[in-house]
Amino acid sequence: MNTRARVTIEGVVPWPEEFEQRYRKAGYWEETSLGSHVARQVERRPDDIALVDGPTRLSYRQLWDKSASCAQYLLDLSIAPGDRIVLQLPNCWEFVALTLACLRIGVVPVMALPAHRRHELTHLASLSDATAIVVADTDRDTDLREVAQQVAAEVPSVGTVLVHGALSPRDTRYAPELTLRAGMDTTPRFVEADYEPNGSDVACLLLSGGTTGLPKLIVRTHNDYVYNILRCNAVSRFDSGTVYLGTLPSSHNFSLACPGILGALFAGGRTVMLPSPAPERALRAIDAEGVTVAATVPAVAQAWIEHQREHHTYTGTTLRVLQVGGSRMPDELAARVEPILGTRLQQVFGMAEGLVNMTRLDDDPEIIITTQGRPVSEADEIAVVDEKGDPVPDGTPGALLTRGPYTPRGYFRAAEHNARAFTAEGWYSSGDIVIRRPDGNLVVAGRDKDMINRGGEKISAEEIENFAYQIDGVDMAAAVAMPDSVLGERLCLYISQAAGHEVTLDDILAVMNAAGVARFKLPERLVIIDEIPTTKVGKVDKKTLRDDIRDRLMNERETLAP
Ligand code: AMP
Ligand code: DBH
C-alpha cells in the first residue's frame with residue numbers, strides 16, 4: 001500500500017475524466033505500481049533467477065536488493081520522486097536494477113537509445129528538464145562521459161552524471177561524475193510505502209520514432225504501462241517458465257514492456273541479456289540458457305535464419321516463440337521462420353505511443369505469416385480512415401487511428417504537435433497505412449508519416465533535411481527511404497544545389513557529425529538533381545523521389561549483373 005500523494009509533472013496530457021473512470025471501472029487500470037508486480041514475484045520466488053547477464057546471474061531477491069540500493073543512491077543524490085533522469089545504458093543487469101529503482105521511488109527514467117549521441121541526449125535532457133544523465137563509459141569509439149559532460153554543459157538542470165564503468169580520466173567537468181556501481185552497494189534506508197507511486201503517476205518517458213525533427217517524449221503512467229504489460233503477457237503467454245532473450249535495446253518499448261523484460265519479471269520468468277543480436281552468439285545463448293522467447297526486428301530475424309541455415313548453430317529445442325516487430329516483416333521472410341528456426345513466429349506491430357498488435361500463438365499460419373496481428377486488448381479502439389477522416393471498409397488501405405487505456409492522449413510538452421497527431425476526440429494518428437481484414441487482423445501497407453524505418457530504427461526526414469540546409473549551396477533537400485534487402489529501408493538524401501556549388505555526401509556527414517548525431521541517422525546515399533519535384537500544392541513530392549531511387553537501384557543492379 002502506498003502512502004504517497006500524487007506527483008504531478010507539468011506538460012503531461014491526461015485522459016479525459018470520463019475515460020479514466022471507464023478504465024478504472026472496467027479494471028483496466030488497477031491502481032498499482034509497476035514495482036509492486038515485481039515485488040510480488042520477489043516474495044513468491046526469491047531464489048529463482050530473474051536476470052542473466054554474462055556470468056552474472058541475479059535471483060529475484062538479489063535483483064530487488066540491488067534496485068533498492070540503487071534507489072537509495074538516487075535519493076542520496078537528492079534525485080526526488082517526479083525528477084527525470086536520462087537513462088542511456090547498453091543491455092546489462094544494471095539497466096534493469098536502475099530502471100526498477102526509478103520505478104520504485106517515482107523517479108522518471110527517460111529511455112534514451114544506446115545509439116544516441118550529444119544531439120539527441122541534449123534534446124532529451126532539455127525537453128524533460130532532467131536532473132541527471134546515466135551513461136556507459138564508452139561505446140566503441142565514443143567516450144560517452146565526454147558526451148554526457150557536453151549535455152550537462154548545455155542543459156542547466158543536469159546536475160549529475162552517473163557512469164556505468166570507469167570514471168573519465170579528465171577533471172574539467174560541468175557536472176560531478178559518479179560511478180553507478182557505488183549505487184549498487186548503498187544500504188537502503190528508505191521506506192518503500194513512503195515512495196511507492198500511485199497508478200496515475202508518471203512511470204517513464206519513452207521515445208517516439210518521431211516524424212518531426214527530434215524525438216518526442218511519450219508519458220507512460222503506472223496504470224497504463226501495467227495494463228500494457230499484463231495484456232502482452234496474456235497474449236504472448238509469459239509465465240514463470242519463460243526465459244526471454246533481450247537483444248534489442250532494453251529501453252525500447254518492444255523489449256521493455258511488450259512483454260519484454262518487465263513482462264518476464266511480472267510473470268516470474270527470466271531474462272537473458274545480450275549486448276547485441278549478432279547471430280552466432282544469440283543462437284548459442286538460446287541453447288545454453290534454454291531461451292523460450294526471443295524478440296527481434298525483421299533484419300535480425302533474417303540474419304538468424306541465414307546463419308542457422310548455413311551453420312546449424314543451435315538446436316532451438318526450447319525456443320517456443322520468436323517475436324518480430326519494429327518494421328514490416330516481408331511475408332517471404334515470415335514464412336521461413338518456422339521451417340528454419342523451428343519456432344513459432346509472433347508478429348508484433350507496436351508503438352511506444354501505446355497500441356500493441358500481435359498475432360496470436362494459435363493463429364492459422366496464414367495469419368501469422370501475412371498479418372501484423374490485432375490489438376492485445378478488447379479496449380483498444382481502432383479506426384481506419386481516408387484523407388477526410390471517414391472510415392474505409394475492411395480490406396481497403398487507410399490511416400490508422402487508435403485510442404485506448406494504454407495509448408496516452410498527447411506527447412509530453414508538445415502542444416503544437418499534439419494538435420496534429422491527435423484528433424479532437426483524442427485518437428492518436430500513428431501515420432501508418434493499414435488494411436484491416438474482416439477477421440480484425442491488421443496488415444501494415446505503408447505509411448503517411450515522413451519517416452524512414454531503417455530496420456526498426458526510426459529516422460525523421462525533417463531532422464535530416466534541417467542538417468542539409470545548414471550547408472552552403474543546398475537549395476532544397478528531401479530525405480527519403482531507399483529499399484534495402486536487409487534493413488527494409490535505408491536513408492537516401494536528395495538535394496538540389498545553387499549554381500556554382502558542389503555539395504558532397506561528406507559535407508552532409510561533416511555537419512551531422514559535428515552536431516553529434518546518432519550514427520544510424522547518417523544518410524547512406526546522396527543524389528543531386530536539378531530540381532526537387534513538388535506536388536500541386538507545393539510540397540516536396542516524396543513519392544516521385546522514392547520511385548526515382550528505386551529505379552536507380554534497379555538500373556544499377558542490371559548494369560552490374562553479368
Ligand atoms: P515508435 O513510435 O518509435 O514506437 O515506432 C512505432 C512505429 O514503428 C509504428 O507506428 C510503425 O510505423 C512501426 N512499426 C512497428 N512495428 C511494426 C511492424 N510490425 N510492421 C510495420 N511497422 C511497424
Ligand atoms: O517499433 C516500435 O516502436 C515497436 C515495435 C514493436 C514497439 O514500440 C512495440 C512493439 O511495442
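Student: Which residues does His222 touch, not counting residues up to four places away in sequence?

Tutor: His222 touches Thr32, Ser33, Leu34, Leu103, Pro197, Asn198, Gly199, Asp201, Val202 and Ala203, where contact means heavy atoms within 4.5 Å. This is a predicted model, in which local features need pLDDT of at least 70 and side-chain atom pairs count only at pLDDT 80 or more, while totals for chains, interfaces and linings use all residues. Residues are numbered from 1 along each chain as its sequence is written, ligands are numbered from 1 in the order in which they are written, and side-chain values use heavy atoms, with hydrogens and water left out.

Student: Why is His222 called buried?

Tutor: Buried means under 20% relative accessible area, computed with a 1.4 Å probe and protein chains only; His222 has 1% relative accessibility, and therefore counts as buried.

Student: Which side chains have polar atoms at 2.9 Å and 3.2 Å from an oxygen atom of ligand 1?

Tutor: An N or O atom in the side chain of Lys449 is 2.9 Å from an oxygen atom of ligand 1, and a polar side-chain atom of Lys458 lies 3.2 Å from an oxygen atom of ligand 1.

Methods: Buried < 20%, exposed > 50% of the residue type's maximum accessible area, 1.4 Å probe, protein only. Polar contact = N/O pair within 3.5 Å; in protein donor to acceptor, adjacent residues only side chain to side chain.
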